[in-house]
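Subject: Structure handover

Hello,

Here is the structure we talked about. Please open it beside this email, and then read on for what was found.

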Amino acid sequence: MEKPKKHVFICTSSRMTGQQKGFCHTKGAVDLVNAFMEAIEEEDLEGIFVSNTGCFGLCEEGPIVVVYPDNVWYGKVSEDDVTEIVEEHLAEGRIVERLAL
């Protein structure tokens, strides 16, 4: 396995037990994971991994999306924002300022 160029982490409020319960989960974060994977595939971007995570501790800003190694945190991300993040940040390297925390 090759080291990813970028790694997108999406809080889905996943607990250690595997149960998904919490703010980001109730705000559609699981659908965000699928939307990111589809948008990345549609843009034909390589070397970008997508993972769901547990809580980042910023529930009032959720759903939270973090892009590494860029150390960019996005808040209140909706499915409507996914294409913009993929096209602007992941493809072009430009941070989507209106969502950045």
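Where does His 89 lie? His 89 lies in helix α3. Before the rest, the ground rules. This is a predicted model, so local features need pLDDT of at least 70 and side-chain atom pairs count only at pLDDT 80 or more, while totals for chains, interfaces and linings use all residues. Residues are numbered from 1 along each chain as its sequence is written, and side-chain values use heavy atoms, with hydrogens and water left out.

Helices (H or I, at least four residues) and strands (E, at least two) are DSSP runs, numbered from the N terminus.

His 89 is buried, at a relative accessible area of 1%. Buried means under 20% relative accessible area, exposed means over 50%, and partly exposed is in between (1.4 Å probe, protein chains only). Not counting residues up to four places away in sequence, His 89 touches Lys 6, Val 67, Asp 70, Val 72, Tyr 74, Glu 84, Arg 94 and Ile 95. Contact here means heavy atoms within 4.5 Å.

Ile 85 is also found in helix α3. With 0% relative accessibility, Ile 85 counts as buried. Its contacts, leaving aside neighbours within four places in sequence, are Phe 36, Tyr 74, Val 77, Leu 90, Val 96 and Leu 99. Ile 85 and Val 8 are 77 residues apart in sequence, and their C-alpha atoms are 10 Å apart in space.

**Helix α2**

Helix α2 covers residues 29-42, which is 14 residues. At 1.5 Å a residue it should span 20 Å, and its end C-alpha atoms are 20 Å apart, so the two agree. The expected span is 1.5 Å times one less than the number of residues.

Which residues of α2 are buried? They are Ala 29, Leu 32, Val 33, Ala 35, Phe 36, Ala 39 and Ile 40. An α-helix has 3.6 residues a turn, so residues three or four places apart point the same way. The cover over the buried residues of α2 includes β1 (6-11), α1 (23-26), β2 (48-53), β3 (65-68) and α3 (79-91).

**How α2 meets α3**

Two packed helices are described by the angle between their axes and the distance between the axes. The axes of α2 and α3 come within 9 Å and cross at roughly 40 degrees. That makes α2 oblique to α3. Axes are lines fitted to C-alpha atoms, for helices over the stretch in contact, and angles run from 0 to 180 degrees between N-to-C directions. Angles under 35 degrees count as roughly parallel, over 145 as roughly antiparallel, 65 to 115 as roughly perpendicular, and the rest as oblique.

The crossing of α2 and α3 is right-handed. A crossing is right-handed if the near helix is turned clockwise from the far one by less than a right angle, and left-handed if anticlockwise.

From α2, the contact uses Asp 31, Leu 32, Ala 35, Phe 36, Ala 39 and Ile 40. From α3, it uses Glu 79, Val 82, Ile 85, Val 86 and Leu 90. These residues divide into 9 nonpolar, no polar and 2 charged. Ala, Val, Leu, Ile, Met, Phe, Trp, Tyr, Cys and Pro count as nonpolar, Asp, Glu, Lys and Arg as charged, and the others, Gly among them, as polar.

Glu 43 is found in the loop between α2 and β2. Glu 43 is partly exposed, at 35% relative accessible area. It touches Val 86 and Glu 87, not counting residues up to four places away in sequence. Glu 43 and Val 86 are 43 residues apart in sequence and 8.0 Å apart, C-alpha to C-alpha.

Asp 44 is found in the loop between α2 and β2. Asp 44 is exposed, with a relative accessible area of 60%. Its phi is positive, about 55 degrees, although Asp 44 is not a glycine.

**Other loops**

Lys 76 lies in the loop between β4 and α3. Its phi is near 55 degrees, a positive value in a residue other than glycine.

Glu 61 sits in the loop between β2 and β3. At 26% relative accessibility, Glu 61 counts as partly exposed.

Two cis peptide bonds are worth a look on screen: Gly 62 to Pro 63, with omega about 0 degrees, and Tyr 68 to Pro 69, with omega about 10 degrees. Pro 63 is in the loop between β2 and β3. Pro 69 is in the loop between β3 and β4 (72-74).

Best wishes
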